[in-house]
Amino acid sequence: MHFSCKITHAILTQLESEKIDLSAYFSETEIPWELLRDSSYWMRAPDMEAFLERLALKTETLIKAGHSTPKNRAWGVLDSVLRMMPQPQEIFQQPEKFLSYFISPEPPLENLERFEKGLSFDIPLPAEQYPLVTTYLKAAFESLPAYIGQSMAQCTWQDIKFK
């Protein structure tokens, strides 16, 4: 499994906006800076989680990075696509499609349920296996309505259950 560097790019963009000096982190990584900032590049899942661990980020920082994505425009073309959506419900019609921009191969979702104001599904990616990546992705999901000027959603991701 691989994770998109849209994740690292968004997190690094957020850290830079907070004026945090990142130079020390890049002397310790074998992954070139350009690739970590390339939203079209993919990293092996364990490598992505290990890189985020080396950054020693607080949970709040990951959440802030996910929530700030609409403002920071760190997802490249995906940002433009999301801004063209007239309703957040359209974004949530195919959650597997959204996740495929960040997880490869596209994870199969099971037990998809839709509610008047939300949805839930099982994803074969336990939050505990990749806690830093899944914290960011949960926050990114929460930010989707902000792309069209609405308030943030509220999500939970426990074990394989996303709601």
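Is Cys 155 buried or exposed, and what is its relative accessible area? Cys 155 is buried, at a relative accessible area of 11%; buried here is under 20%, exposed over 50%, and partly exposed in between, with a 1.4 Å probe and protein chains only.

Before I go on, this is a predicted model, where local features need pLDDT of at least 70, side-chain atom pairs count only at pLDDT 80 or more, and totals for chains, interfaces and linings use all residues. Residues are numbered from 1 along each chain as its sequence is written, and side-chain values use heavy atoms, with hydrogens and water left out.

The structure has zero disulfides, a disulfide being two cysteine sulfur atoms within 2.5 Å.

Now the sheet. Three strands form an open sheet in the order 2-1-3, paired antiparallel. Strands are DSSP runs of E, at least two residues, and helices runs of H or I, at least four, numbered from the N terminus; pairing takes at least two DSSP bridges. Strand 2 (42–44) and strand 3 (103–104) are the edges; each has a single partner strand, so one side of each lacks a neighbour in the sheet. Helix 4, residues 45–55, packs on the sheet and touches strand 1 and strand 2, contact being heavy atoms within 4.5 Å. Strand 1, residues 2–4, pairs with strand 3 through two bridges, and His 2 sits opposite Ser 104 of strand 3.

Last, Gln 94. This residue lies in the loop between helix 8 (88–92) and helix 9 (95–100). Gln 94 is partly exposed, at 46% relative accessible area.

Terms used. Axes fitted to C-alpha atoms, helices over the stretch in contact; angles between N-to-C directions.
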